[in-house]
Each structure stands twice: as structure tokens, then as C-alpha cells.
Amino acid sequence: MPEQTIVPIEQLLPNKLHLIPLTGRPIFPGIFTPVMINNQDDVKVIEEVSSGDGFIGICMTKNDADSPTIEDLWHVGSVARIIKKINLPDGGVNVFISTLKRFRVRKEINQRNPMIAIVDYLEDEESDTFEVKALTRALIGEMKEISENNPLFSEEMRLNMINIDHPGKIADFIASILNIDKGDQQRILEIVNVRQRMEQVLVFIKKEQELLRVQKKIQNEINGRIEKNQREYFLREELKAIKEELGIATDAKSSDYQKFKEKVESFKFAGEIKEAVDAELEKFSLMEPNSSEYIVSRNYLETIVNLPWDAPAGESYDLPAARDVLDGDHYGLEDVKKRIIEYLAVRKLRKDTKGSIVLLVGPPGVGKTSVGRSIARAMNKPFFRFSVGGMRDEAEIKGHRRTYVGAMPGKIIQGLKIVKTKAPVFMIDEVDKMGMSYQGDPSSALLEVLDPEQNVSFRDHYLDLPYDLSNVLFILTANTLDSIPGPLLDRAEVIQLSGYIDTEKLEIAKKYLVPRSLEKNGLSKNQVRYSRDALLFIANSYAREAGVRNFEKNLDKIHRKYATEIVFGERPAGDKIVPDIASIEKSLGKPLFREDDEKKADRPGTAVGLAWTSMGGDTLIIEAISNPGKEGFSLTGQMGDVMKESASIAWSWVRHYLTDAGEITQEWYEKRLVHLHIPEGATPKDGPSAGITMATALLSLARGSTIRKDLAMTGELSLTGQVLPIGGLKEKTIAARRNGIREIIIPKANVRDLDEIPEHVRKGIQFHPVSTMEEVITHAFGKRAGRTTRGR
């Protein structure tokens, strides 16, 4: 019998290997582990190899490709021997493998299905024995510390680590059990030099130790909190038992219950309110403080007892003093002040404290909010303001139902909790900017709040009890009436606040804006003194809008520059400053508006109209030209549907008028494309009041003559040439005065509105009431209104 010799298994390793891709982590040499194989191509490889020599190559994939090739694999892996194979019901296979040695792919034989390659086996490169031993001890020592603090390391792992005698295998074993990135594990697998491999593993061990230290610190803090809470709970229970023995019932729940009960009894509720509150109190007394319902019930009762339920005291205010308050807070606005004083006089005469609804409408910056505050001061009432601009959820007005987490009452009930009286002044800002969504319609919710017939028993969703709002004076503000729902508008008394002309802005700046801006920017009261011309220059060159908000912003900008110069020592602290035109331009930059910016009809085909917007009145230039070509009429300038209809009516009337008069032949229309444009095309425009202006511009174009200088007009034109009334005459007149207009053509039906325009605004402006387009032509062209036959 021939002599048998034992050959190490490393010497039997084949040079050609079937490769199995791994998507998880690489498997290091010297590891016995199960591997789950689900890919059917890989299962076939396992079946084939199991019936042969039993060796496979394990390589990690570089990416998560569904059908990887050898190019998708890292070329350094571990050769493994299949020890046992278990077929699974789903067609997969579970194999137990023992990894033996590193290899590197040298040559690809088959790219996929199956992947076969010729490999070179990598031997560990031994280094200085002394340093390697030191590193080995360090690795084992550090891993012992980690394993003792980490319950995930089993006793078997600790024993395996101690029983491994080769330094390279120790490093491989530790790298395989450390919780590090698979890319880092692959890099360790590719390190052949034992010393370098051990040093790299030691770095990752240190990182793991730091992570465990932080984890332990966090765990200790959490445990400390839990122990503290448990200790406090037991102490509270002991204290509760001691108080019960002594007959003392002063725990937080009992204290809250007693406080709520006393408050509720003092209100002397009756009917539905008494039944609901008593039932809630009884339910509250039976609840455990640790239950979630306890906080909900407590918040509800707290809301009830903090609301003002008692009837308000009678109103006491002096009308002359109220007038003084309004005069002291606002310059001008005589019509507004008059309306407010009349309203207060009626309340005083009737001795009626029932609330009313006042709607202040005007462009931004004209003082709507400050007028509301002044009304509250004049009536000696608390003032509460909130805005509904952009609001889309009716729960903001009527509250959330208590079934929702974090439910709270609506703005009305919240405001009453703050002011602590049933008869305050409530200002609701921006009612024209409310939205609507799937969550509800806030404007409809406001109807119940504002309607005197309904708000005597207003029912907030959170409170779910009838509450009387009839004593609240509601003041609404809006920039325009167009977007306010009709039913809401019907319940309010509308007071219009028009814009200011330059002389009014001058007085407002002297009395209010300049002192307030100086104080805001840290300057003394008389440190900056403006001349009349300087303030008018700011108003006309930088702040031509209807209100004074931009005026104040420009003053702030000037004063900030002066403050900066004083702080940096460029100007003495006590220096008296008198700004002139040049210094204002230096602070504010080049003027935004110049005299030559004024809209003038200085060429044929142009006319100046007057428009009204939510920002106040404005002037509107209408331009028309004709070009040779096919007959047509085009419109530009972002006009709305109503304005387009007005343009069509104007063109039809002008054609009829000129043809009937024999001034223009039909041939002229057939060979001309007429184009009507309104500049500032980025701004949407709509409304019928530019009808006579467009007709005048088209007539000017056809005749080739210009209209009179410093003339503007407004009025709706009918197809038969009638001039119909328009709205917003006061705002349009202010805009005309602001832009140097001296004559205005208005519909005869609007003569009645001239009395609403203050005398100082009308002064210097001549109004021409007209009822037909022929009268407009007479005023617009003067002596040149005569008809001339032209064949242009």
C-alpha cells in the first residue's frame, strides 16, 4: 500500500474559479459562515461546483446591478470551500462556506452566467515581528474593551478572537465583525501587508470605541431621566397619601378644580351654558392627571373662565374729547372724522352699546389701521387687531373642534380673552384678501360674527357655547370693495379714505412722519429740519403713491444715513442738519418721478384718462397709431374683458362719427391697421371708465390733431355716444392734481360727487360735466373741433 501524505488545502486551490457576487459585505479569509443564494444563475453555479471540487470565489459587487458581470465586481476576494448545501423551498440555496485565502482576478474567462476567472492567490506579507506582536496585543486588548461594552459581541466571538494565532487572521476576523462601511472592509481585504492591515483595523477600532462612548453617555442620560421621573412619581404618590391621611387635598388637580369651580359660580351661568360647564367640571374632577384627556379638559375650562361673561359697563366718552383725539392723531381726513363723530353721537344719544360694523376702504398707507386705534382711544375702549389677509381656513375665525389634537378657539374668542371685556373695539384687517379652500370659506364664517341678528349667540367650534358678540365694535379694513362678498359688504357701513395730495403729505410729514422717523433712528427732535421745498421734493419725486408709507420709508433712509455719519465721526453729534435737494438726492438716489414723467397727450393719437385702483387713483395715457396694411383693430396693454369691450365701442363710435361727418372715407379704414395701446403693460387694467378717453385718442389719431394741454377725462361711453357715470371720482381727482392736470372732463351724472371732494383738492382744477361724446370732443379739441374732410 503506497504511503499517504497530508497536503495543506491551500496547495489544492484551483487557479480557475467560479465567482459568486455579494451585494452585502466582503467575507474575509478564515471565516465560517452561511450565505443565502437566491439568484438562479448563482444557484446553478453552486450546484455545479458542489458536484466538483467545491471551491468558489466570493467577490463583492461595486454597485447594485441586477445582472452583474466580472467588470462590476471588486477584483480582490476570498476563495471559499462549500461545506454544506441546503436547498430552500423558494428555489434558493443556503450554503455554509469556509473562506481560505485572498485572491486577485488575473484573467476573465467568462463575463457572466457563469462568471469564471483565472486568479492569483495572495500571500500575507510578514513585517517586523516585534511591531506585529505589539499591534496584535493592541488589537486584542482594544477589542476586549469593545466586546465588554457591546452586548452584540457574543462569548463565541471573544473565544474565537483569542484562539486565532496568526496576526493577519486576527486583523481579518476583527474587520469582519466591526460595524464599518463595506467599502472600508473591501479596502482592508485588499491590504496584503499584515502590519498595514493591522494598523488600519486599529484605526477603525478607535472610531468604534468613540462611538460606543457617546452611545453609553446618551444611554446614561436617558436612564437618569427615567429614574428621576420614576422617583418623582413615587414621591408624589407618597405625598398624596400623606395629605390624604392629614385631610389635606391640595394637589394640582384639586387646586385647578377648586379654582375653576369658584370662577364658574361667580359668573352665575344659566341654561345651556350652566349645564355644559357643570358637566365638564364633573368630568374633569373624575379624570386622572396623567391621562391625555385631562389636559384637553383643563384647557377648555381655562378658556371658559378667562372669557369676559359679565355684561359690559355703560359707555362713557366725551364727543369734543373724541374729536380732539382724532384731530391729534390724523391730519386731514375731515370727511372720515365727520362720519366717525356722527356715528359716536348717535350711539351716545341712543345710549346704545350694541356693536356696529365700520368698513374703512382706501389705498395702502392712508391710515386705516391708525384710524381704528384712534376710534378705540376716543371711546376709551381696549383695542384688538388681527389680519385675515390670505386666510383660507374658517377655523381661524370659528375655532377648531376639540376632537382635534392641538385644538384652539378662533381669533374672536382669543381676542376677547386678551382684552377681558365684552365691549372692545375689534379691527379685522385685509377683509378683501381672504381666500377660499377645501378647508372652508372664512368670509362666510365672518358673516355670523358680524351680523347683529346672529352674533348675539355666536358659537365658536372650540367653545361650543353661545357667546354674545353684539357689544363688540367691529372695524374692518380693505383696499378695495370689488373682492369683498356682497353679503359681508351689506352688513358694514363703508367709509372711504382717499389718498393725499402733496400739500397734505407735507403737513403729515411735519406733524407726524418726521418726528417719528427721527426718534426711530436715534436722532433728537430738532436735529434735522426740513424746508417746505425739501419735503415737497421727496413727496413728488420719490413718493407719489396715494398713502404716506413710502414717504416715511424715504425719511427713514435719509435719517439712517445721518445716524451712520454721526457714529463714524463724519458729522458732529450735535450738528443741526438742514437737508437740501442735492443732499436728498445723494441719500435717496436719482428721483423716481420727474416733471417730464408726467403723462401728457402731446401728439396725435394720445389722450390722458383717469383710473382707480386698490392703490388709489392714477392717470392713464392712451396711445393709438395707424399703419398701412389690411383693415384691422388691435389692442395691447393687458386689458381686461370690460376694457376691451369699451375699446371696441369707442372704435365703432369714432368710425360712425367720422364717416357720418364725411371726415374719413371708407378707403382709409380698409388700408389701415389701427393699434390701441395702454402703457405699463405688466399691470392688469380693466373697467369701463376709459371709454371716452379711448374714443378721444382714436379721434385724435384720425384727425391728426392733439387734444388740449393739461386735460384728463373719465367716463364710460355707450355705443350711441352717451357718457355714463363712473366711480372713484375723488381718488381720480387727487391723482390728477398730483400729476399737474388742470382740467377734467367728467360725466354729468357725477356732478353730485364733487361735493365729497375737499375744497383744497378741487382748488385750481376746472371740471367739465358732459353727457355726450360730442361735448367731450368740443372740450378736448376746442376751436379745432371743426370737422375737416381728410382722405388719410
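Tutor: Asp329 is partly exposed, at 26% relative accessibility. The classes used here are buried (under 20% relative accessible area), exposed (over 50%) and partly exposed (in between), with a 1.4 Å probe and only protein chains counted. This is a predicted model, in which local features need pLDDT of at least 70 and side-chain atom pairs count only at pLDDT 80 or more, while totals for chains, interfaces and linings use all residues. Residues are numbered from 1 along each chain as its sequence is written, and side-chain values use heavy atoms, with hydrogens and water left out.

The partner of Asp329 is Arg377: their side chains meet in a salt bridge, 2.7 Å from N to O. Arg377 lies in helix 12 (residues 368-378) and Asp329 in helix 10 (residues 319-329), so the pair ties together parts that are 48 residues apart in sequence. A salt bridge here is a side-chain nitrogen of Lys or Arg within 4 Å of a carboxyl oxygen of Asp or Glu. Helices (H or I, at least four residues) and strands (E, at least two) are DSSP runs, numbered from the N terminus.

Lys274 forms a salt bridge with Asp278, with the closest N and O atoms 3.4 Å apart. Both residues lie in helix 8 (residues 271-286), four residues apart, or about one turn of the helix. Lys274 is partly exposed at 40% relative accessible area, and Asp278 is partly exposed at 33%.

Glu667 and Lys671 make another salt bridge, at 2.8 Å from N to O. Glu667 is partly exposed, with a relative accessible area of 44%, and Lys671 is partly exposed, with 46%. Elsewhere, salt bridges with shared partners join Arg102, Asp124, Asp172 and Arg197 into one network. A search of the whole structure finds 38 salt bridges.

Charged pairs aside, Val214, Ile218, Ile222 and Ile226 make a nonpolar surface patch of about 300 Å². Patches are built from residues with over 30% relative accessible area and no salt bridge; like charges are joined within 9 Å and nonpolar side chains (Val, Leu, Ile, Met, Phe, Trp, Tyr) within 5 Å.

Ser689 gives a buried counterpart, with a relative accessible area of 15%. Ser689 is in the loop between strand 17 (672-677) and helix 23 (691-703). The side chain of Ser689 makes a polar contact with the side chain of Lys732, at 3.3 Å. A polar contact is a pair of N or O atoms within 3.5 Å; within protein, one must be able to donate a hydrogen and the other to accept it, and residues adjacent in sequence count only if both atoms are side-chain atoms. Leaving aside neighbours within four places in sequence, Ser689 is in contact (heavy atoms within 4.5 Å) with Leu610, Thr714, Gly715, Glu716, Ile726 and Lys732.

Two loops have backbone details to check. Asn113 and Pro114 are joined by a cis peptide bond, with omega about -5°. Pro114 is found in the loop between strand 5 (93-110) and strand 6 (115-122). Asn113, placed in the loop between strand 5 and strand 6, has a positive phi of about 45° although it is not a glycine. Gln638 also is not a glycine, and has a positive phi of about 55°. Gln638 is in the loop between strand 16 (632-636) and helix 21 (641-661), partly exposed at 39% relative accessible area.

Now the whole chain. The secondary structure comes to 26 helices and 22 strands. The protein has a radius of gyration of 44 Å, whereas a compact globule of 792 residues would have one near 28 Å. That radius is taken over C-alpha atoms, and the globule rule is 2.2 Å times the number of residues to the power 0.38. Along the principal axes, the C-alpha atoms fill a box of roughly 145 × 95 × 70 Å. Of the 792 residues, 46% count as buried. The protein exposes about 40700 Å², of which carbon and sulfur atoms supply 51%. Accessible areas come from the Shrake-Rupley method with a 1.4 Å probe; for residues, only the protein chains shown count as cover. Among contacts between residues at least 6 apart in sequence, 74% join residues at least 24 apart.
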